[in-house]
Structure formats: C-alpha cells, structure tokens
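Trainee: I would like to learn how to read a model like this one. Can we take it feature by feature?

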Protein chains: 2
Amino acid sequence: MRISDVARHAGVSPSTVSYVLSGKRSISPATRRRVLDSIDVLGYQPHAGARALASNRSNVIALVVPLRPGIHVPVAMQFAVSVVTSARDREHDVLLLTQAEGEGGLRRVAGTSMVDGIIVMDVEVDDARIPTLRSLSHPSVLIGVPAETEGLTCVDLDFEAAGRACAAHLAALGHREIALIGQPPSVYERRTGFAERTVAGFRAEAHERGIGSAVVPCDAAPTAVAAAVTGLLGERPGVTGLVVHNEPAVAPLLDAVRGLGREVPADISVVAIAPDDVATETSPPLTSVSLPAEEVGGRAVSLLMDKLDDLGPPEVTLLPPRLVPRASAAARPALP
Amino acid sequence: MRISDVARHAGVSPSTVSYVLSGKRSISPATRRRVLDSIDVLGYQPHAGARALASNRSNVIALVVPLRPGIHVPVAMQFAVSVVTSARDREHDVLLLTQAEGEGGLRRVAGTSMVDGIIVMDVEVDDARIPTLRSLSHPSVLIGVPAETEGLTCVDLDFEAAGRACAAHLAALGHREIALIGQPPSVYERRTGFAERTVAGFRAEAHERGIGSAVVPCDAAPTAVAAAVTGLLGERPGVTGLVVHNEPAVAPLLDAVRGLGREVPADISVVAIAPDDVATETSPPLTSVSLPAEEVGGRAVSLLMDKLDDLGPPEVTLLPPRLVPRASAAARPALP
DNA sequence: CAGCGCAATCGAAGCGCTTCGACACACGCA
DNA sequence: TGCGTGTGTCGAAGCGCTTCGATTGCGCTG
C-alpha cells in the first residue's frame with residue numbers, strides 16, 4: 001500500500017496525494033475529497049521511514065527520563081505522560097531514553113536523524129548533558145533550570161517562588177519559626193535545580209520576613225521521616241510551621257507529627273509542594289503549592305515545537321506557583 | 001555526512017561500507033579496518049529513516065505503558081526501564097505509547113512501519129488490545145497472560161505459583177488460617193491477569209492443604225489498609241498469616257498490624273509478593289516472593305527479537321517464583 | 001482581446017540506505 | 001593449461017515519500 005496506489009485509485013498523481021496530506025499547496029475541494037476517500041477506502045498509512053528520509057523530519061521527539069536515586073517515580077511519570085500526550089496532539093511520537101545511555105544516547109538519536117528534537121527531564125544545576133545538547137544541531141528543551149541558561153530553552157515550575165509562597169503563607173498565619181522538610185540528601189548532592197531553588201526561595205522569604213527557618217533534607221522511608229521530624233522539633237521547639245517538599249514523605253510526616261502528640265493544624269501547620277492528588281488524599285487535606293506536571297510537560301512540548309518551527313522561544317519559562325489553602329495550615333497557636 | 005562520503009574516504013564503494021556495517025557479506029580484514037577508521041574519523045552516523053526505508057526495519061519497538069488506576073507506578077517503570085535497557089543491548093530503541101492512544105495507536109505505529117514490533121504491559125484477562133494485535137502483521141509480546149493465548153507470546157512471573165508458594169510457606173510454618181491482602185478493587189474489576197492468578201494460586205494451595213483462607217482487595221491509602229487489616233483480623237481472629245500483594249500497602253500494613261497490638265512475626269506472619277527493594281527496606285525485612293521486573297522485561301525483549309528473526313517462541317513463558325525467607329514470617333504462635 | 005496572474009495539478013529528481021546480481025581475481029585440482 | 005569454486009568488491013536498482021519547477025486552464029484587467 002503506497003502513495004501511488006492511493007493516487008491511482010483517486011485518479012491523481014502521487015504528488016497531489018502528498019499535498020493533500022501535508023496541506024503545503026492548495027488543492028481543490030473536489031480533489032481533496034476524492035483523495036481522502038481513497039485513503040479511507042484503501043486504509044493507506046504512509047511509511048514513516050520514507051517520509052523521514054524525504055522530508056528530513058521524523059515526527060518523533062526523544063524524552064530522557066532519568067530514574068535517579070531519590071526521585072519520586074510517580075511524579076516523573078506524570079511529566080512523561082503529559083509529554084507523550086501533548087506530543088501526540090501535535091502529530092509526534094516519543095522515543096524513550098533512559099539516563100543509562102548517557103550523552104551518547106543523545107548524540108545517537110540526533111545524529112541518525114531518528115528524532116527531530118529532545119526533551120530532558122530532571123536537570124541539575126551543572127548538568128553533564130548540557131554541553132552535548134549545545135553541540136547538537138537538534139533543538140532541545142529542558143524541564144528544569146540549570147545555572148547557565150544562555151542559548152537553552154528551559155521550563156519548570158517557579159520553585160523559588162513556590163518556596164517563597166509557602167514561607168509567606170506560614171508567616172502570614174503568624175508563625176515565627178518554620179522549617180522545610182526537603183528532598184533526600186542525594187538530590188541536593190547532585191545539585192538538582194528544582195530542589196535548590198525551593199530551598200533558596202524558602203530561606204530568602206523567611207529571612208526577609210524576619211522569621212526563623214531551617215531546612216532538613218529527608219529520605220523517603222517512614223522511619224527516616226520520623227527521625228527527621230523528631231530531631232527537628234526536638235532541637236527547635238519553636239517550630240510551628242512545616243513545608244514539605246518530598247512526596248513520599250508527606251504521609252509519614254503527618255504520622256510522625258501526631259506521634260509526637262501534636263495536632264495538624266492545631267499545633268503544627270503543614271504546607272506541601274506536591275501534585276494535587278498527593279495533597280488531597282491525606283487527612284487533613286494539605287494546603288499546598290501544586291506541582292503542575294501536566295502543564296509543564298505540555299509547555300515543554302510546545303516550546304520544542306516552536307523551535308522546530310524556527311521560532312525563538314524564551315530561554316526560561318517559569319510557571320507561577322499557585323498556593324491552595326486546604327486544612328493543614330492554620331494560625332500559629334497561642335504560646336502555652 | 002552520507003555513506004558515500006565514508007566510501008570515498010576509505011576508497012571503497014558505498015555497498016562495501018554497508019556490508020561492513022551490517023556484516024551480511026564477508027569483507028577482508030584490511031578493508032574492514034579502513035572503513036571502520038573512516039567512519040570513526042568522519043563521525044559517520046547512518047540516517048535512521050533511510051535505513052528503515054531500504055531495509056524495511058526501523059530498529060524501534062513500541063512499548064505500551066498503561067498507567068491505569070490502581071497500578072503501582074514504580075513497579076511499572078521497573079518493567080519499562082528493563083525493556084528499554086534490553087532493547088538497547090540489541091540495537092533497538094523504544095517508542096513510548098500510553099494507553100490513552102488505545103488500539104488506534106497500535107495500528108498507527110505498525111501501519112506506518114514506525115516500529116518492528118510491540119510490547120504490551122499490564123494485560124487483562126480479556127484484553128481489548130488483543131484482537132488488534134492479532135490483526136497486525138507485526139510481532140508482539142505481552143507482559144501478562146490473558147485468558148486465550150493461542151497464537152500470542154506472553155511472559156510473566158508465574159503468579160499462580162507465587163500465590164501458592166506464599167500459602168505453602170505459611171502452611172509449612174503451621175499457620176491454619178491465612179489471608180491475602182490484594183490489589184485495589186479496580187485491578188480485579190478490570191480483571192488484570194496477574195492479580196487473578198495470584199488469588200487463584202493462593203486459594204487453591206490453602207484449600208489443598210486444608211487451611212482457611214480469605215482474600216481482601218485493598219486500596220493503597222494507609223487508612224484503607226488499616227481498615228482492611230482491622231476488619232479482617234476482627235472478623236477472622238484465627239488469621240495468623242498474611243500475604244500482601246500490593247506494594248504501596250506494605251508499610252501501612254505493618255503499621256496497622258502493630259497498631260492492633262500484634263507483633264510481626266511473633267503474632268502475625270507476613271509474606272509479600274513485591275520487588276526485592278520494597279521487601280527489604282521495611283523493618284523487619286519481609287519474607288517475599290520477588291517480582292523480577294528486570295528479568296521479565298528482558299525476556300519480553302528477547303522473545304520479541306526471536307519473533308523478528310522468525311523463530312517461533314513459546315506461547316507462554318512463566319518465570320518460576322522464588323520465595324526468599326527473611327524476618328517477617330515465623331512459626332504460628334502457640335494458642336493462648 | 002492579448003496578456004497576466006493565479007489556482008490546481010503533474011512529472012521527475014532526489015532523500016540515504018540496502019541488496020541483488022555481476023564481476024574480477026586467486027586458488028586448487030585435474 | 002583450463003576450469004570450477006570461493007572470496008571480496010562493485011554498480012545499479014530500488015525502498016516510498018516530498019518537493020521543486022513546469023504546465024495547464026481559467027478569469028480578469030487594461
């Protein structure tokens with residue numbers, strides 16, 4: 001089943017069929033109809049390789065999903081799924097690369113013209129893949145923001161603003177000493193952009209408002225969370241507000257606080273930075289800044305498509321955080 | 001940078017370069033060396049589309065990852081990553097399809113010759129995608145086993161044997177009444193193969209050994225787990241052994257048991273069906289049947305490659321379960 | 001009413017690779 | 001010496017599509 005079969009069936013030339021499909025030249029309505037009908041009747045599907053060869057476009061983008069230690073897989077997959085969905089909306093497919101292949105994988109899929117562009121997730125402040133991406137002639141978009149963004153295209157939630165928003169919310173409720181329960185240590189050690197920026201925003205806002213702040217990295221295991229919370233509240237008994245930026249730690253954290261005989265939010269207020277589903281399925285539902293994975297993934301795809309269309313998109317797109325008050329943060333309790 | 005550039009540089013014809021690369025005809029060592037050197041010097045990378053067009057092979061396989069309600073995303077990703085890794089070992093890339101595209105997506109990637117074969121995860125007993133897969137001329141492999149396997153190629157852990165092994169282990173320890181804490185109800189409702197087979201094996205083994213058994217589907221939320229455990233042990237006070245086949249429920253389950261004043265394994269023995277990392281990071285480490293995602297994914301890829309090479313692989317490959325005793329299952333306590 | 005511009009279509013030339021048959025040459029054997 | 005047999009290499013013909021220029025026929029305009 002080739003394009004020439006369709007052409008014969010519709011009584012036109014192959015090029016006409018091609019133009020009907022691509023819309024790159026005007027075709028009379030009558031001809032278009034006949035061609036589309038023939039395509040339908042014959043069940044024609046163009047050969048992807050032939051198309052890629054002739055047009056120099058594969059209609060495939062690469063997505064690098066780094067399943068590194070410390071990352072929360074379900075959230076990473078929310079990003080990935082939204083990239084796939086958005087790509088499909090724009091007639092593109094997604095080739096899955098793992099971090100295991102490293103920079104060589106990027107060079108390979110670009111060099112063989114297997115993909116038209118690349119989306120990279122989980123960007124570190126000084127990411128090893130960036131020089132490679134710069135050296136490629138293929139466009140790319142980073143989900144996450146590195147230290148040096150010149151000439152790159154990045155998109156992410158504005159984690160600094162998110163950290164600020166959480167601190168500000170607690171400050172406005174009257175809390176005078178707050179703490180951030182953060183990502184696992186390994187995430188900071190490899191200097192993942194989003195984690196650092198959250199911490200920076202949180203600290204800066206607390207400082208500007210003249211309230212005390214602490215940051216505690218935290219592994220996901222419930223025992224580790226309990227230890228972190230116990231240690232924190234032991235050392236700093238004045239802490240009445242917690243920000244948690246660590247999805248799997250959310251539930252253990254609530255347990256740990258209660259285990260210490262404190263109520264949420266009566267004694268301790270909690271604000272999360274997490275996807276809405278994580279924040280709403282706890283009891284009480286958490287006041288949170290939502291992590292709009294859907295939107296970030298979609299935006300990454302549109303930015304990449306813009307670059308494919310030779311538009312020059314902005315270097316850094318930061319989505320503003322939205323803090324949704326729910327039931328886990330309240331006014332600071334009166335001093336005992 | 002084309003194959004003819006390499007040919008010129010090495011002083012041979014393009015076809016010779018092609019044969020060096022594919023190994024499909026014998027080439028003298030001297031010529032091979034020169035060609036490989038030229039490739040190296042020039043940094044030649046063949047154009048994937050051209051290759052696919054000429055050879056009728058894209059060297060890409062499709063992977064359908066269905067992120068449906070109730071599934072445990074980290075485990076699903078273990079499968080996906082092992083598929084990608086194994087595919088790369090065999091010079092193939094992986095195109096990521098989500099369930100959202102449905103059967104149309106399968107027809108599309110096969111019909112456009114975008115992929116050479118398809119791997120489908122999370123197969124249901126009566127899976128809607130199977131008729132489509134049968135109608136395709138492309139080979140496919142299912143991870144999971146449907147009701148009717150004729151003409152298909154399936155691979156999975158032998159969940160029935162796994163269910164049996166858990167029941168047998170507890171029976172051998174003297175337990176007379178045991179229960180399976182299962183997957184979320186939605187997983188059974190859509191009749192996912194692995195969940196049903198585990199239940200069947202568990203029940204059959206218990207029955208054959210003349211001991212009591214119960215099965216409790218269970219959502220992942222800690223409160224749901226606690227409710228399920230409390231309800232179960234309340235209604236059936238004789239239960240002393242639990243099998244848990246639900247990764248996110250593992251930790252909450254241990255908490256719930258302890259919350260009822262029972263010790264693991266002194267009062268209640270627990271056996272998990274879960275990946276090793278889930279089973280070992282609890283306290284105490286769990287006696288478990290491991291879920292060999294790595295091996296299943298790798299096997300799925302080799303089976304697919306066999307089909308691409310026109311070998312006729314077996315219809316159903318079930319990997320035998322391995323039960324590893326750790327610290328969570330012990331002899332049934334003496335009656336009070 | 002000649003000439004122009006535009007819309008619609010066609011034909012042919014690639015895109016960069018694989019593969020088939022042909023060929024040249026060396027070797028061993030009769 | 002002549003012939004078969006292999007081995008290593010080449011040339012050319014596609015694979016199925018896109019795209020560029022050319023061509024046709026039309027309605028208008030000056």
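Trainee: Which residues of chain A does UniProt list for "domain: HTH cro/C1-type"?

Mentor: A word on the source: this is a predicted model. The UniProt record, an unreviewed entry, lists residues 4-45 of chain A for that domain. Over residues 4-45 of chain A the chain is 71% helix and 0% strand. The end C-alpha atoms of that stretch are 12 Å apart.

Trainee: Where does UniProt place "domain: HTH lacI-type"?

Mentor: At residues 1-55 of chain A, again from an unreviewed entry. Residues 1-55 of chain A are 71% helix and 0% strand. Here the end C-alpha atoms are 20 Å apart.

Trainee: Now helix packing. At what angle do the axes of α2(A) and α3(A) cross?

Mentor: Read the distance and the angle together. The axes of helix α2 (residues 14-22) and helix α3 (residues 29-42) of chain A come within 10 Å and cross at roughly 95 degrees. Angles of 65 to 115 degrees count as roughly perpendicular. So α2(A) and α3(A) are roughly perpendicular to each other.

Trainee: Which residues make that contact?

Mentor: α2(A) brings Thr16(A), Val17(A) and Val20(A). α3(A) brings Thr31(A), Arg32(A), Val35(A) and Leu36(A). By class, the residues of this contact are 4 nonpolar, 2 polar and 1 charged.

Trainee: Next, the DNA. How many residues surround DNA strand D, and which are the closest?

Mentor: Look for contributions from each chain. DNA strand D is surrounded by 29 residues. The closest are Ile3(A), Ser15(A) and Ala54(A), with Ser15(B) and Ser26(B) from chain B. Then go up to elements. α2 and α4 (48-55) of chain A, and α2 (14-22) and α4 (48-55) of chain B, each supply at least two residues of this surface. The largest share, 6 residues, comes from α2(A). The surface near DNA strand D divides into 14 nonpolar, 11 polar and 4 charged residues.

Trainee: And which element gives the largest share of the surface near DNA strand C?

Mentor: That is α2(B), with 6 residues. In total, 28 residues surround DNA strand C. The closest are Ser15(A), Ser26(A), Ile3(B), Ser15(B) and Ala54(B). At least two residues each come from α2 and α4 of chain A and from α2 and α4 of chain B. The classes near DNA strand C are 13 nonpolar, 11 polar and 4 charged.

Trainee: How do I read the overall form? Why is chain A described as more spread out than a compact globule?

Mentor: Start with the inventory: chain A has 14 helices and 12 strands. Its radius of gyration is 25 Å, well over the 20 Å that the globule rule gives for 336 residues, so chain A is more spread out than a compact globule. Now check the extents. The C-alpha trace of chain A spans about 90 × 40 × 35 Å along its principal axes.

Trainee: Last, the backbone. Which residues does a cis peptide bond join?

Mentor: Most residues other than glycine have a negative phi, and most peptide bonds are trans. In chain B, a cis bond joins Val264(B) and Pro265(B), with omega about 5 degrees. Pro265(B) sits in the loop between α12 (250-259) and β9 (269-274) of chain B. A cis bond also joins Ser283(B) and Pro284(B), with omega about -5 degrees. Pro284(B) is in the loop between α13 (276-280) and β10 (287-290) of chain B.

Trainee: Where is Ser113(A)?

Mentor: In the loop between α6 (102-111) and β3 (117-120) of chain A. Check its phi: Ser113(A) is not a glycine, yet its phi is positive, about 60 degrees.

Terms used. Residues numbered from 1 in each chain as written. Chains lettered and ligands numbered in written order. Predicted model: local features only at pLDDT ≥ 70, side-chain atom pairs only at ≥ 80, totals over all residues. Axes fitted to C-alpha atoms, helices over the stretch in contact; angles between N-to-C directions. Helix = DSSP H or I, 4+ residues; strand = E, 2+ residues; numbered from the N terminus. Parallel < 35°, antiparallel > 145°, perpendicular 65-115°, else oblique. Contact = placed C-beta atoms within 7 Å. Nonpolar A, V, L, I, M, F, W, Y, C, P; charged D, E, K, R; others polar. UniProt positions renumbered as here; feature names shortened; annotations may be inferred. Near = placed C-beta within 6 Å. Rg over C-alpha atoms; globule rule 2.2 N^0.38 Å.
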